[in-house]
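Thank you for asking for a reading of this model.

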Amino acid sequence: MAATAHRTRCSACGRALPFADWTRGRPLCEPCARPAAVRRAAPAVPPPPSPADDLIDAVPDALIDELVAALEAEAAKLDQANPLAGVLAELELGRTPRERHWAAWGFAAGFALNAGIAKWAQAASGAPISDFLAPILIGGAVSGATCAAIAWGIARLRQPA
């Protein structure tokens with residue numbers, strides 16, 4: 001919280017930062033950010049203050065702290081609303097094309113293997129294929145998802161650092 005009150009000022013000279021520099025997270029104002037040789041050659045006339053500088057300086061620090069606290073509370077609520085999104089973001093699922101390809105081929109292989117086993121069981125038992133349609137689809141989805149997860153993990157392990 002205390003850091004938010006100090007971000008609006010230049011860390012070198014203490015001058016109020018322009019809004020564009022402040023939103024980019026720059027700690028120095030334009031004159032202080034220039035190299036030393038250029039600063040010596042530049043005139044010492046400060047630029048005229050813009051209306052945005054006056055507006056930002058007019059906002060009390062207590063209000064800024066209250067707004068930051070409200071934004072942090074809202075962010076915490078959003079994180080709690082969908083814990084699965086946080087887990088998926090941490091795992092970085094499918095960030096590279098290699099991982100997506102391996103997972104797709106793993107799903108296809110798992111589904112095909114399940115369909116082949118179910119077709120063999122149907123042929124061995126002499127039952128109609130309609131009796132095996134639901135097990136083929138449900139089992140294929142489960143075994144495909146399992147093989148996709150295994151293939152994704154292998155791709156992730158083999159990924160160069």
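How many residues does α9 have, and how far does α9 reach from its first C-alpha to its last? α9 has 26 residues and reaches 36 Å, which is close to the 38 Å expected at 1.5 Å a residue; the expected span is 1.5 Å times one less than the number of residues in the helix.

1. Basis of the note. This is a predicted model, in which local features need pLDDT of at least 70 and side-chain atom pairs count only at pLDDT 80 or more, while totals for chains, interfaces and linings use all residues. Residues are numbered from 1 along each chain as its sequence is written, and side-chain values use heavy atoms, with hydrogens and water left out.

2. Overall make-up. The chain holds nine helices and zero strands, and read along the sequence it follows the pattern α-α-α-α-α-α-α-α-α; helices (H or I, at least four residues) and strands (E, at least two) are DSSP runs, numbered from the N terminus. Of the 161 residues in the chain, 17% are buried, where buried means under 20% relative accessible area, exposed means over 50%, and partly exposed lies in between (1.4 Å probe, protein chains only).

3. Contacts across the chain. Among contacts between residues at least 6 apart in sequence, 54% join residues at least 24 apart, a contact being heavy atoms within 4.5 Å.

4. The pair α8 and α9. Two packed helices are described by the angle between their axes and the distance between the axes. The axes of α8 (residues 97-125) and α9 (residues 133-158) come within 6 Å and cross at roughly 145 degrees; axes are lines fitted to C-alpha atoms, for helices over the stretch in contact, and angles run from 0 to 180 degrees between N-to-C directions.

5. The two helices one by one. α8 has 29 residues and reaches 42 Å from its first C-alpha to its last, close to the 42 Å expected at 1.5 Å a residue, and just after α8, Gly 126 takes a positive phi of about 80 degrees. The buried residues of α8 pack against α9, and Gly 106, Gly 110 and Asn 114 are among them. In α9, the buried residues include Gly 140, Gly 144, Ala 148 and Trp 152.

6. A salt bridge between them. The count comes to one salt bridge, defined as a side-chain nitrogen of Lys or Arg within 4 Å of a carboxyl oxygen of Asp or Glu. Glu 99 forms a salt bridge with Arg 156, with the closest N and O atoms 3.9 Å apart. The pair links distant parts of the chain, as Glu 99 is in helix α8 and Arg 156 is in helix α9, 57 residues apart. Glu 99 is buried at a relative accessible area of 1%, whereas Arg 156 is partly exposed at 30%.

7. Two residues earlier in the numbering. Pro 27 sits in the loop between α2 (19-24) and α3 (30-33), and leaving aside neighbours within four places in sequence, Pro 27 is in contact with Arg 9, Cys 10, Ser 11 and Leu 17. Asp 57 lies in helix α5 (residues 51-58) and counts as partly exposed at 39% relative accessibility; with neighbours within four places in sequence again left aside, Asp 57 is in contact with Arg 9 and Ala 16.
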